[in-house]
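Subject: Structure handover, salt bridges

Hi,

Here is the structure for you to look over. My notes on its salt bridges follow below.

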Amino acid sequence: MTRGWGKEGGIIGVAAAAVVALATAGTLIFSGAGTDSSAADAAKQPKKAPRVVPVDPSIVHASDRPGRSLNITIDDGPDPAWTPKVLEVLKRQNVKAVFCMIGPQAKAHPDLVKRVVAEGHKLCDHTISHNTGMNHQPESYQSQQILDAQKMIEDAAGGAQVEYYRAPGGAFTPYSRKLAADHGMRPLGWNVDSKDFEGGSVEMIESTVRNELPNGPTVLFHDGGGDRSRTVDSLERLLPWMKQQGYGFGFPKR
């Protein structure tokens, strides 16, 4: 009887062990499935936008590159006719620039905004309406012009940061400078105005830039607002000349 009991007990023990093993395996399977599901759910959560770090609210002109250096800045685009031509010249000369964009223009041409970023250039907020008298407008107007444009440009860029703010015509105010800086955009001035928007010849644009270079490193050109064929031709001639004079190219300090 003892042996018979032992045999039956052995069978029952084996069966019980099998049940426990299956239950344990099931727990592991369900536990693993739950982990995978949680990971998948976490992956689906929208990523948090990077925290905006406030910058210096003073108007910058200096280059972040040491030595004899220039900052090339391009305003009023992006424009489907002229921005690609400007980008082609910059690429041939291996020069990076800051593109100061009008918000609605960026929204209308996101492919160009993305190309600007992809080719290593920086973005700058140049407001919604390019109102050169916005320094006489209320703070609510200035805020709408600056922050709405920033969002349009960053959305068009696929999330790339707008790093600078340039007031149309230099119409900065203490409020607009602080507002831009608090949103991570360094106010950006210029030292050399190429006057390429005034309709002069390529030779006049070249002469203006060469004569004004002693004023400082930040040079202003345009890729929007009209026929910019003279700008394109001027850049073709000026950039190699600048290199021959010993200049390098950087970005404005942040």
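A residue counts as buried when its relative accessible area is under 20%. E206 has a relative accessible area of 6%, so E206 is buried. Bear in mind that this is a predicted model.

E206 pairs with R210 in a salt bridge, with 3.4 Å between the closest N and O atoms. Both sit in helix α7 (residues 202-212). They are 4 residues apart, about one turn of the helix. R210 is partly exposed, at 36% relative accessibility.

Two others deserve a look.

K122 and E163 form a salt bridge through their side chains, at 3.2 Å from N to O. This pair joins distant parts of the chain, 41 residues apart. K122 belongs to strand β3 (residues 122-125), and E163 to strand β4 (residues 162-165). E163 has 15% relative accessibility, so E163 counts as buried. K122 is partly exposed, with a relative accessible area of 23%.

D182 and K178 also meet in a salt bridge, at 2.7 Å from N to O. Both are in helix α6 (residues 174-182). They are 4 residues apart and therefore separated by about one helical turn. D182 is partly exposed at 36% relative accessibility. K178 is partly exposed too, with a relative accessible area of 48%.

Best wishes

Note on methods
Residues are numbered from 1 along each chain as its sequence is written. This is a predicted model: local features need pLDDT of at least 70, side-chain atom pairs count only at pLDDT 80 or more; totals for chains, interfaces and linings use all residues. Side-chain values use heavy atoms; hydrogens and water are left out. A salt bridge is a side-chain nitrogen of Lys or Arg within 4 Å of a carboxyl oxygen of Asp or Glu. Helices (H or I, at least four residues) and strands (E, at least two) are DSSP runs, numbered from the N terminus. Buried means under 20% relative accessible area, exposed over 50%, partly exposed in between (1.4 Å probe, protein chains only).
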